[in-house]
Amino acid sequence: MLPRRLWRGLPRRPPAPRTPHLAPPRTSRILWVRLCGNPEYSPVHSYGTAVAPEEVTVHYRHGRPLITLTLPSRGERCQFVLKPMLSTVTSFLQDVRNEDRGVTDVAIRTADGSVIPASTLMDVLLTQDFKLIINKVVYDVQCPKKEKPSHEHVAELENMKFLVHRLFTVLHLEEFQKRQEHHLLEKIDLLQEQLRPLEQVKASIEAQSEARTSGLLWAGLALLSVQGGALAWLTWWVYSWDIMEPVTYFLTFANSMVFFAYFITTRQNYTYTSARSRQFLQFFHKKSQQSHFDVEQYNRLKEDLEKATKSLEQVRHALYWRIY
């Protein structure tokens, strides 16, 4: 006998619940570093205990370090390519702020929480582990150990640097020297233009000082002549030599005292040349103050002109031997 219901095969399994469609993971986004200035950032003194959603990694590509981190506002992984000998802690932190405006507080500390100077090079920072704090979230960053290059590799790099330096010198030295010559010529013209009115004032002051100094010297000669004539008149016409001899002795002693006082005052031996130069300088500086002539500015411009002239001669000498 047949059963009341026909056998229709194995019983069906209940349908499995549908899982929501998951979007594919977002790919990493590589951003190149733009070195900025030296902005100040406020250090964070207290940090929360929140756990970082994704760690910050450091690895090297083509010899350059890459720091990969998650931007807090967009939730995207971003790679920052660093220039070890140029990038500093300040520039790296500023790049993070520029990339994500939602970053309010960002700082770098050592593994034990010590403060790192803002001017520290990233090449120095990447030699040991450190902590990156973004919006009070602490990321423990572990830096990979770089293999020390062998002596052969270092020697090869030094030879390559020397070869590049020689090639650059051969290709660009003449052009650089010509630009330097043009720059020095412009500097010399500017200095000469600034010195021209000062030279005119200086010449006028020197002429007046020279006239006053010469007049003072002639006055000294006249005083000595009057003194000699008075002594001769007193010796032969008024008194005898027996009376005037002690007078001449005391006059000679008085002149010696005057010369010694000059030495104590000026710390220089009394010679006619030094006395004349000293008196000329006194008249010159006194007249310069009256004429509002800046002696320091004049001396500084003269020194700059002399240095520029010597540099121009050296550049032209090098160009001459290079052309001929």
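Student: What kind of network links Arg74, Glu76 and Glu99?

Tutor: Arg74, Glu76 and Glu99 are joined in a network of salt bridges. This is a predicted model, with residues numbered from 1 along each chain as its sequence is written and side-chain values taken from heavy atoms, leaving out hydrogens and water. Local features need pLDDT of at least 70 and side-chain atom pairs count only at pLDDT 80 or more, while totals for chains, interfaces and linings use all residues.

Student: Why is the contact of arginine 74 with glutamate 76 called a salt bridge?

Tutor: The term asks for a side-chain nitrogen of Lys or Arg within 4 Å of a carboxyl oxygen of Asp or Glu, and the N to O distance between arginine 74 and glutamate 76 is 4.0 Å, so the pair is counted. By this rule the structure has seven salt bridges.

Student: How do you know which parts of the chain arginine 74 and glutamate 99 link?

Tutor: Arginine 74 and glutamate 99 form a salt bridge whose closest N and O atoms are 3.0 Å apart. Arginine 74 sits in the loop between strand E3 (64–70) and strand E4 (77–81), whereas glutamate 99 belongs to helix H1 (residues 89–99), and the two are 25 residues apart, which is how the pair links distant parts of the chain. Helices (H or I, at least four residues) and strands (E, at least two) are DSSP runs, numbered from the N terminus.

Student: What makes glutamate 199 and lysine 302 a salt bridge, and where do they lie?

Tutor: The side chains of glutamate 199 and lysine 302 come to 3.6 Å, N to O. Glutamate 199 lies in helix H3 and lysine 302 in helix H6 (residues 295–323), so this pair ties together parts that are 103 residues apart in sequence.

Student: Why are cysteine 78 and cysteine 143 placed in their class?

Tutor: Cysteine 78 has a relative accessible area of 1% and cysteine 143 has 8%, and because both values lie under the cut-off, both residues are called buried.

Student: What makes strands E6 and E7 a pair?

Tutor: Two strands pair if DSSP finds at least two bridges between them, and strand E6 (residues 130–134) and E7 have five, in the antiparallel sense. One of the bridge partners in E7 is tyrosine 139, which faces leucine 132 across the bridge. On strand E7 (residues 137–141), tyrosine 139 belongs to the covered face with Val137 and Val141, whereas Val138 and Asp140 make the uncovered one. In the hairpin, which has two residues between the strands, asparagine 135 takes a positive phi near 50 degrees.

Student: Where is tyrosine 239, and which class does its accessible area give?

Tutor: Tyrosine 239 is in the loop between H3 and helix H4 (241–266), and its relative accessible area of 43% makes it partly exposed.

Definitions and conventions:
Buried < 20%, exposed > 50% of the residue type's maximum accessible area, 1.4 Å probe, protein only.
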